[in-house]
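Open the model in your viewer and keep the selection panel at hand. The stops below go from charged pairs to a strand and then to a helix.

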Amino acid sequence: MSYLAFYRTFRPNTFDEVVRQEHIVRILKNQIETDKVGHAYLFCGPRGTGKTTLAKIFARAVNCKNPVNCSPCGKCEACKALKDGAGLDIYEIDAASNNGVDEMRDLREKVQYPPVAGRFKVYIIDEVHMLTASAFNAVLKTLEEPPRHAVFILATTEPQKIPATILSRCMRFDFKLIPQKDLEDLIKSVFQRVGKEYEEAAVAAIARAGAGSARDSLSIADMCASYSRGKLTYDDVNTVLGGADLAKTADICGAILKEDASAALKLTEDVLSAGKSAGLLLKSMLLFLNDCAIIKMCRSARDIISLPEESYNKTAGIANVADGHKILRVTEILTAAENDLRYSASGRITLETAVLKCTLPQADYNIDALIGKINALEKKLEELKTLPLRELPREYQANNAIVKPKEGVDTPETKETCSAKQPVKPVRKAEPEEQVSKTDFKKSDTLLEEVGASPFEQRESSGGTVQPLLWENNTGTVKAGSLTEDGKKSVFAKFIRSLRTVHKNAVLFTLCMDLESVFEGDKLVLLTDNETVKKALARTDNANFVAEVLAELGVNDYEVRLKARGENPYDKALGELKQNFSGTDIEIK
């Protein structure tokens with residue numbers, strides 16, 4: 001075969017060439033130097049971290065006649081024979097395909113024979129967790145007390161599947177993932193040896209895609225080197241990996257963080273229609289959001305991410321205007337969608353549903369969505385405090401206006417503007433019995449609409465209108481004289497809500513909370529069984545305020561009555577019938 005892949009061509013041949021895993025290399029070298037080689041080793045860890053490579057180096061080193069710094073010299077007859085695969089003292093067994101009890105019994109019989117050329121016979125059993133229970137039992141006794149010339153090296157990515165009886169008889173070494181910086185250095189050295197030009201951002205992208213695995217990183221580097229005939233660029237790597245274009249991914253995530261559902265769905269649909277799979281697009285979005293989180297939280301984000309200047313600036317621009325809780329919430333939703341894709345028959349629907357959920361925090365009961373709305377509200381209120389009074393929206397001026405003193409008295413409070421150093425002082429809270437003007441009611445109702453009566457209601461904001469929720473019926477504000485039969489059903493609830501939002505009428509709200517309401521034509525009748533409540537509502541100031549509030553809701557006539565004692569529902573209904581049809585003879589049978 002004329003061509004070998006990068007991960008085979010540049011596989012380390014000595015301990016010094018191994019990338020990281022210093023804790024394991026040091027122990028093995030010390031055992032060779034002091035001639036204290038064990039009889040059973042267990043190499044476990046993620047794929048592509050050097051388990052099989054170290055096992056082969058160690059197997060040649062213990063049989064080398066002239067080791068160099070405890071590594072095989074590569075020049076003696078034993079090293080040459082073992083490296084070419086012609087030696088009979090190293091046995092590599094793939095437990096994934098030779099996992100039966102018969103293979104292990106054959107191994108147990110052959111292990112008794114002494115080595116041919118070296119000092120030890122080394123058995124490397126790869127993917128040892130694939131052995132059956134019977135196979136483990138067959139090799140158990142041999143593994144516990146092997147001949148003096150036998151060394152077993154077991155390699156696995158899933159040590160939890162190995163029986164405890166096997167684990168207790170081995171010297172265990174846990175391999176760790178290789179840091180990105182070391183992977184970048186490895187890829188650069190390979191490119192330099194093959195004469196391939198590259199961009200720093202391209203190498204960083206390959207190392208990130210390798211996810212701590214040297215073999216995976218070299219495999220991706222091999223594909224990228226074959227794809228690009230000239231200088232390897234970041235876009236080349238992104239194309240080879242099959243991910244979505246960074247600019248399009250940034251536009252989608254930017255629309256999501258701005259809660260623009262229409263734009264986010266359209267951009268997502270455009271990318272999917274171009275042939276990108278939902279899984280790859282979702283992975284690209286998660287990587288982009290991860291970059292946004294790093295930029296948001298880390299000062300050295302530029303060094304960590306290693307993106308091209310233009311791409312970094314675009315990512316930083318979106319990250320700096322986004323709220324941290326919003327980024328966290330969107331990431332969690334998309335992560336859950338990535339897991340759902342494994343069991344979904346339609347990945348497109350799963351992805352677009354997740355995108356829609358990300359853009360509608362008001363319809364989400366997640367705590368991060370609520371925190372995001374609160375943070376946005378607090379930020380807006382802080383901005384309003386720093387504006388001059390004349391620049392405030394009209395609905396806020398009534399609440400923040402300074403009470404002017406009597407003529408001839410000059411105080412600092414007569415200023416009509418407020419600076420950032422001296423926030424606007426709100427007017428003092430009036431007593432519950434004080435009269436509230438119509439302006440105060442309008443101001444409170446407008447403020448409630450701006451803030452949102454519920455964290456799950458979507459309201460109008462400056463700069464445009466916002467879509468109502470799907471389950472809301474946008475019928476508009478009820479005007480005086482336009483009250484319909486359906487509108488009568490919700491008048492009392494709106495009336496109580498209006499009293500609740502005006503803090504000057506806390507007592508009045510308490511008085512009206514237990515009232516009952518019925519309509520006699522267009523007249524609203526408020527019923528109470530407490531004489532004191534009726535007298536309190538009949539006071540001039542309270543009556544005027546209630547009339548103004550009801551007028552805003554379209555009710556121009558109302559009355560407060562005492563309930564008839566002992567009156568049952570039948571008599572009550574009969575009385576209403578006689579009152580509504582006073583000119584008609586009603587016969588009761």
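A salt bridge here is a side-chain nitrogen of Lys or Arg within 4 Å of a carboxyl oxygen of Asp or Glu. The model is a predicted one. A search of the whole structure under that criterion finds 23 salt bridges.

**Stop 1: a network.** Select Glu520, Lys523, Glu559 and Arg561, which salt bridges link into a network. Within this group, look at Glu520 and Arg561, where the closest N and O atoms are 2.7 Å apart. Glu520 belongs to strand β6 (residues 516-520) and Arg561 to strand β8 (residues 558-562), so this pair links distant parts of the chain, 41 residues apart. Is Glu520 buried or exposed? Glu520 counts as buried, at 15% relative accessibility.

**Stop 2: Arg20 and Asp182.** Select these two side chains, which meet in a salt bridge with an N to O distance of 2.7 Å. Arg20 sits in the loop between α1 (6-9) and α2 (22-33), whereas Asp182 is in helix α8 (residues 180-194); the pair therefore ties together parts that are 162 residues apart in sequence. With a relative accessibility of 26%, Arg20 is partly exposed.

**Stop 3: strand β1.** Select residues 40-44. Which strands pair with β1? One is β4 (residues 150-156), parallel to β1 over five bridges; in β4, Ala155 is the bridge partner of Phe43. Another is β5 (residues 171-174), also in the parallel sense, over four bridges.

From Cys44, step across to Asp174, which stands opposite in β5. Asp174 also forms a salt bridge with Arg172, their closest N and O atoms being 3.1 Å apart. Both partners are partly exposed: Arg172 has a relative accessible area of 43%, and Asp174 has 42%.

**Stop 4: helix α17.** Select residues 324-340. This helix of 17 residues reaches 25 Å from its first C-alpha to its last, close to the 24 Å expected at 1.5 Å a residue. Colour its buried residues: Ile327, Arg329, Val330, Ile333, Leu334 and Ala337. Viewed down the axis of α17, these residues fall within an arc of 165°, so they line one face of the helix. An α-helix has 3.6 residues a turn, so residues three or four places apart point the same way. Finish at the start of α17, where a side-chain oxygen of Asp323 comes to within 3.1 Å of the backbone nitrogen of His325.

Terms used. Residues numbered from 1 in each chain as written. Predicted model: local features only at pLDDT ≥ 70, side-chain atom pairs only at ≥ 80, totals over all residues. Heavy atoms only, no water. Helix = DSSP H or I, 4+ residues; strand = E, 2+ residues; numbered from the N terminus. Expected span 1.5 Å × (residues − 1). Buried < 20%, exposed > 50% of the residue type's maximum accessible area, 1.4 Å probe, protein only. Arc of directions from axis to C-beta. Polar contact = N/O pair within 3.5 Å; in protein donor to acceptor, adjacent residues only side chain to side chain. Pairing = 2+ DSSP bridges.
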